[in-house]
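Please look over the structure below before reading the points that follow. They are written for someone who has not seen it before.

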Amino acid sequence: MFDKEIKKVSLVGVGPGDENLLTIKACKCIEDADVIIYDNLINPTILNRANMGAKLIYAGKISGNHYLTQDKINETIVSYALAGEYVVRLKGGDPYIFGRGGEEAEYLLQRGIDFEIVHGVSSFYAGLGYAGIPVTFRGEAASFHVFTGHRKQGEPLNLDFAGIAKLEGSLVFLMGISNLGAIVNGLLSNGMNPDTGAAIIENATRYNQRVFRGKLSNIEEIAKKENIVSPALIAIGNVCKKNLDFFKKDGLPLSNKNILLTATRSLTEKMAPEFKALGANVCEMSLIATKEMEIERDKFTLELELATHILLTSANGVDIFFEKIKKYDLDIRSLHNKKICVIGSGSASALKKYGVRADFIPSKFDSKSFLEEMVTELNEKSRVLMLRAKLGNDILPNGLKAAGIKFCDIPIYDTIIDYRRKFELNKEIKNFDYIVLASASAAKALCEMIEDMNALKERVVSIGPMTTKALMEFGIEEVITANQYDVKGIVDAIRKL
Ligand code: SAH
């Protein structure tokens, strides 16, 4: 199915923003990359796919200032490629539609560096589509014309408005927001009907998409009033009067709420559909990742043999446990006489994937309830094997010790903070209504990376008391805490507001 050959450099179009518009090939490139160079238009959810070992380099623009100049971008791509790294240059939309992909390819070609273009869905039609506007429509627009509305500083717009105003098809201007006045005037003064439909789509297909419709005569006024910012598409033509919306989700409990999920990639992927089904716009930016810990095979098999109860405290722990069984070539039937105990619905459903039903789930999904309820099931013959995170809390071991129960606590994974996401996090944070934290380690990661603590005020939703405690240690007081420690609990807490 996939292209097996790996190039040194892939110039990859990732579409306008919605991660579901990534091509299969783009996904593969992102997952394989050693170095990813991305720009402003890249949705953080897309970067969640990057390998933990990959280097992430931001090359975009912030309020008009290029973070890396085009020359510097070119040099960066080449230097990593020459060092033998697989470089993936991510570009919004399609790499060859504006955005200077052609120049980058030419630069590589001239230096004899093996490259490929991975085409992407362009914003000029998909962005319109997500706003309910078909770029062509029988009887309405039989062609479309795409322009850059960008001009070099101090120079006039280099567009032939006399010719453009006469075109029959839909007009789309990219990079045109700061020159909207000149575009509108150019069309009107060359005789275009002021009642022609017009629309502006900001952050098309993304969680923070905004759509404004009007006419050629008033679209500029609308843009000013609504304070529209880049990236935005300007569409002119009567197709803009159509409203074939499929993207906006009104009337659901979390409609129009922008939600940031910060958990590990596997958890955000599980949580995102649940939030989306309730109408939320979701951005996945994993601030933490887990790393399997090495355990000597002999120790693992011995403890497994001795245990009467195996205690798994997270979905991730469950996955790693079964990984180890496979890796150490153990037989699943050796677990037949052991009780498998999990802490919540997430770990229980992870267990189900492996065809195992949990013997024990506490009525409330936290360590304290788990301990209280579990201890009643144990006696002096029991031996509990705890397989959990390296930095797990003390509640479980202390409680078992106090109850005189034999146990062995083996860390099977460690949670690491993904500091590579710091830049994006601070760039995007203001866009979210709610920031969801599903563990104390995600809370720690967020607080360590965030530059402006005020950005978190009254917007942080915590999955439970341990996470809230971690947040409070960083001085964040106005935390919304779920009563039930899972996605449903989080959603209920948000809905109550
Ligand atoms: N290669 C890209 C275009 C790059 S030029 C493509 O094929 O879509 C950058 C311009 O594209 C932005 O200034 C904006 O006008 C437009 N654009 C790209 N993505 C967009 C989005 N998600 N929403 C609105 N406009 C977008």
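**Notes on the model**

1. Ser462 and Thr481 stand opposite each other, Thr481 being in β22. Ser462 belongs to strand β21 (residues 460-462), which runs parallel to β22 and is joined to it by two bridges. Two strands are taken as paired if DSSP finds at least two bridges between them. Strands (E, at least two residues) and helices (H or I, at least four residues) are DSSP runs, numbered from the N terminus.

2. A word on the basis of these notes. This is a predicted model, in which local features need pLDDT of at least 70 and side-chain atom pairs count only at pLDDT 80 or more, while totals for chains, interfaces and linings use all residues. Residues are numbered from 1 along each chain as its sequence is written, and side-chain values use heavy atoms, with hydrogens and water left out.

3. Both β21 and β22 belong to an open sheet of five strands, ordered β14-β13-β20-β21-β22 with parallel pairing. The edges are β14 (281-284) and β22 (480-481); each has a single partner strand, so one side of each has no neighbour in the sheet. Strands of a sheet pair through backbone hydrogen bonds, in either the parallel or the antiparallel sense.

4. Strand β10 (residues 197-202) is mostly covered, with six of its six residues buried. Buried means under 20% relative accessible area, exposed means over 50%, and partly exposed lies in between (1.4 Å probe, protein chains only). Gly197, Ala199 and Ile201 point one way from β10, Ala198, Ile200 and Glu202 point the other way, and all are buried.

5. Which strands pair with β10 in the antiparallel sense? One is β11 (residues 210-215), over six bridges; here Glu202 has Arg210 as its bridge partner. Another is β12 (residues 232-236), joined to β10 by five bridges, with Ala235 as the bridge partner of Ala199.

6. Glu202 and Arg210 also meet through their side chains, in a salt bridge of 2.7 Å from N to O. A salt bridge is a side-chain nitrogen of Lys or Arg within 4 Å of a carboxyl oxygen of Asp or Glu. Glu202 is buried at 5% relative accessible area, whereas Arg210 is partly exposed at 29% relative accessibility. By this rule the count comes to 28 salt bridges.

7. The loop between β10 and β11 holds Thr205. Thr205 counts as buried, at 3% relative accessibility. Its side chain reaches the backbone nitrogen of Asp18 at 2.8 Å. A polar contact is a pair of N or O atoms within 3.5 Å; within protein, one must be able to donate a hydrogen and the other to accept it, and residues adjacent in sequence count only if both atoms are side-chain atoms.

8. How many residues surround the ligand? There are 18, and the closest are Pro16, Ile97, Ser123, Ala204 and Ala232; a residue is near if one of its heavy atoms lies within 4 Å. The shell has 11 nonpolar, six polar and one charged residues. In this scheme Ala, Val, Leu, Ile, Met, Phe, Trp, Tyr, Cys and Pro are nonpolar, Asp, Glu, Lys and Arg are charged, and the others, Gly among them, are polar.

9. A polar backbone atom of Ile97 is 2.6 Å from a nitrogen atom of the ligand. A backbone N or O atom of Asp94 lies 2.8 Å from a ligand nitrogen, and one of Ala204 lies 2.8 Å from a ligand nitrogen. On its own the ligand has 540 Å² of accessible area, of which the protein covers 95% (Shrake-Rupley method, 1.4 Å probe; for residues, only the protein chains shown count as cover).

10. Two further salt bridges deserve a check. Arg265 and Glu269 meet at 2.8 Å, N to O; they are four residues apart in helix α9 (residues 265-277), and so separated by about one helical turn. Arg265 is partly exposed at 29% relative accessibility, and Glu269 is partly exposed at 41%. In the other, the closest N and O atoms of Arg333 and Asp331 are 2.8 Å apart. Arg333 is exposed at 62% relative accessibility, while Asp331 is partly exposed at 36%. Salt bridges with shared partners join Glu31, Arg49, Arg265 and Glu269 into one network.
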